[in-house]
Amino acid sequence: MKLIETLFFCFLLQCDSDSDSDTQSSSCPHICSCTDSEGNQTANSWLVCNDFPQQIASSFTHLTIHSKKVKTLTAERLKPFTNLEYLALNGLEMEEIDDDTFEQFDQLRNLKVTSNKLTRIDDATLRNCSNLVDLSLKSNFIRTISTNAFRHLERLQRLDLSRNLVTQLPDLLPASLVELDASDNSIVRLPHVRVLLSRLHRLDLCANHFARYEADNFVAPRLAYLCLGDRVHVVNASAFDWGQEGSASAMRSLEISSETLSVDSLIDSLRRMTALQSLSLSHVTIPSEIRADFRLKELRTLNLKNVSCHVNGSDDLFVFQLAAHVQTLCLDGSPQIARILLSADENLRKFETIINLQLNNVDLSGITSRQFDFLKNLRTLSLLGNPLMCDCALDWLVQRVHNNSLLVANPEQILCAFPADLRGLHLFSEDVTGKLCRDDVNHEDRDVLRAPVTIYHVVYVLIAMTGLLIVAFLIVIILLCKTRWRRAPRETRVVYRSGYSLDLLPAEDQISEFSARVAASNDEIKDPRPYSTLTFHPRREQN
C-alpha cells in the first residue's frame with residue numbers, strides 16, 4: 001500500500017514539473033527570445049521577437065520586434081499587447097501608422113519606432129498615448145509633422161526626431177519636454193510661437209538649415225545644453241533673455257558648428273552664460289580683433305575643432321581670454337590656432353589648468369619641453385596625424401611617457417615623418433627611441449609648426465600667376481607689332497626741284513637706310529645713266 005502511495009506521489013510531482021515546463025515554454029513564443037545579446041536569461045518582462053506573436057503572457061511588459069517587414073501598422077496587429085510599458089518597432093520598413101493604432105495603450109511609457117520609412121506624423125497618430133514619457137522616431141523619412149501631433153502627450157519628457165527630413169518643427173510642443181533632439185534634419189524655420197518649455201534641459205538642433213536663433217524660437221529658462229545648426233550665422237543675445245521666466249545663466253553647454261557664424265553676435269550671448277561649462281565652436285572663423293571683457297569662470301571644456309582665424313599681428317584671441325580654468329582643450333584640425341597657442345608664452349600661461357590637450361592634425365613637426373613646462377597639470381596629450389621630426393627634441397616626450405607622467409592617446413598611431421629612415425615608424429617604438437639623439441640628425445632651429453597652406457595662400461599664388469601671364473602677353477604683343485611695322489613696305493615720292501623726283505623703294509629689315517633711285521625728266525641733264533642711286537636717311541633732312 002505504501003508503495004502505491006509513493007508511486008502516485010511521484011506521478012503527481014512529475015505532472016506538476018511537466019506543467020511548469022510547458023507553462024515556461026509557452027510564456028516565451030518560439031519566434032521570440034527571452035535572453036539578451038550575451039545569451040543570459042532575462043527577466044520575465046523582456047521579450048525580443050522576429051515577428052508579431054499571436055499572444056504573450058501578461059508578465060511581459062517590454063516588447064521589441066525587428067526583422068519583420070510591415071508596410072502599415074494597424075491596431076489589429078498590436079491588439080494582444082495592450083498591457084505593454086515599452087514597445088520598440090525597429091527596422092520594419094514601416095511606411096504608415098493607422099490612426100488610433102495605440103488607442104488601448106494606456107500603460108505605454110516608452111515607444112521607439114526607428115529605422116523605418118515613415119514620412120509623416122498626423123494629429124491622430126499618437127493621440128491616445130497620453131502617458132508616453134519617451135518617444136523616439138529617429139532614422140525615418142519624416143517630412144511633415146502636424147501642428148497637434150504631440151499636443152496630447154502631456155507627460156512626454158524625451159522626444160527624438162533626429163535623422164529625418166523634417167523642414168519645420170511644430171509650433172505646439174509639450175511643456176513637459178526635458179530633452180528634444182531634432183539634429184540631422186532639414187529644418188529651415190524654428191517655431192515662432194513663444195511656448196514656455198519650462199523643463200527643457202537639452203536642445204539639439206545640429207546639422208540643420210535655419211540661419212538665425214532668436215528669442216521667439218524657444219522659451220527655455222532651464223536650458224543647459226544647446227547645439228545649433230551648421231548654417232546658423234546669427235545668435236542673438238536676446239534669444240536667451242526670457243525676463244522673469246529665466247535667463248541664459250542656466251546654460252551649461254553650447255555647441256555650434258557653422259562656417260557662417262557671426263562671432264560678434266556670439267560674444268554678447270556668451271557674456272550672459274556665466275555658468276557655461278562646455279563650449280564647442282567647429283568650422284568657425286575667429287577674427288583676431290575681437291576682444292572679450294569677461295571671463296567664463298566655470299568653463300572646463302573648450303573645443304575649437306577645424307577653426308580658422310584672421311590674424312592681424314595679434315596672438316590674443318578672444319577664446320583664449322575666456323579660458324581661465326579650462327581643463328580640456330581640443331584644437332583638432334586647427335593649425336593656425338595651435339600655432340598661436342604654442343608660439344607665445346603668454347597664451348600657454350592662460351592654460352595652466354589644462355589636463356587634456358588634443359593637437360591632432362595641426363601640422364605639428366615638433367614640440368619642446370619648454371612649451372609644456374607651462375602646462376604643469378597636463379596628463380593626457382593627443383598628437384595624431386602630425387608630420388613629426390623624430391630627433392632629440394622629442395626625447396623628453398618619450399621619457400615622460402615611459403615614466404607614466406604623461407599619457408599619450410593611441411601611441412602606436414603616432415608616426416615619424418622625418419628623417420627619411422624613420423618615416424612610418426611610431427615614435428615610441430624601440431627602433432625609434434634608440435636613434436632620437438644620434439649625431440647624424442640635423443638639429444637646426446625650426447618652427448614647431450609648418451606654415452599651413454590656407455585658401456589665402458592659394459589666392460595669392462593665383463593672383464601672382466595671373467599678373468605674370470598678363471605681362472608676358474603684353475610683351476609678346478609689343479614684339480609682334482614691332483616686327484610687323486618693320487616688315488611693312490614704305491614707298492613715297494618726293495618732288496625736288498622742277499623736273500626731278502625721288503622714288504623710295506622698300507628696304508630690308510636689317511637695313512636702317514633706304515635705297516633710292518633718281519629719275520631725271522629735264523633734258524638739260526647730260527647724264528648717260530637713266531638712273532642714279534643715292535642713299536636716303538629718313539631722319540635726316542634732305543635738300
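Which cysteine does a disulfide join to Cys 390, and what is the S to S distance?

Modeller: The partner is Cys 416, with S to S at 1.9 Å. This is a predicted model, where local features need pLDDT of at least 70, side-chain atom pairs count only at pLDDT 80 or more, and totals for chains, interfaces and linings use all residues. Residues are numbered from 1 along each chain as its sequence is written, and side-chain values use heavy atoms, without hydrogens or water.

A disulfide here is a pair of cysteine sulfur atoms within 2.5 Å. The link of Cys 390 and Cys 416 is left-handed, with -100° about the S-S bond. Cys 390 lies in the loop between β25 (388–389) and α8 (395–402), and Cys 416 lies in strand β27 (residues 416–418), so the pair ties together parts 26 residues apart in sequence. Helices (H or I, at least four residues) and strands (E, at least two) are DSSP runs, numbered from the N terminus. Both Cys 390 and Cys 416 are buried. Buried means under 20% relative accessible area, with exposed over 50% and partly exposed in between (1.4 Å probe, protein chains only).

By the distance rule, the count is four disulfides. One of them joins Cys 32 to Cys 49, with S to S at 1.9 Å. The torsion about the S-S bond of Cys 32 and Cys 49 is about 100°, so this disulfide is right-handed. Cys 32 sits in strand β1 (residues 32–33) and Cys 49 in strand β2 (residues 46–49), so the pair ties together parts 17 residues apart in sequence. Cys 32 and Cys 49 are buried too.

Another disulfide joins Cys 206 to Cys 227, with S to S at 1.3 Å. Cys 206 is in the loop between β13 (202–204) and β14 (212–213), while Cys 227 is in strand β15 (residues 225–228). The two are 21 residues apart, and the pair links distant parts of the chain. Cys 206 is buried, as is Cys 227.

Now two further cysteines. Cys 129 has 1% relative accessibility, so it counts as buried. Cys 330 has 7%, so it counts as buried.

Last, the setting. The protein chain has 10 helices and 31 strands. Of its 543 residues, 42% are buried. Contact means heavy atoms within 4.5 Å. Among contacts with a separation of 6 or more, 50% are between residues 24 or more positions apart.
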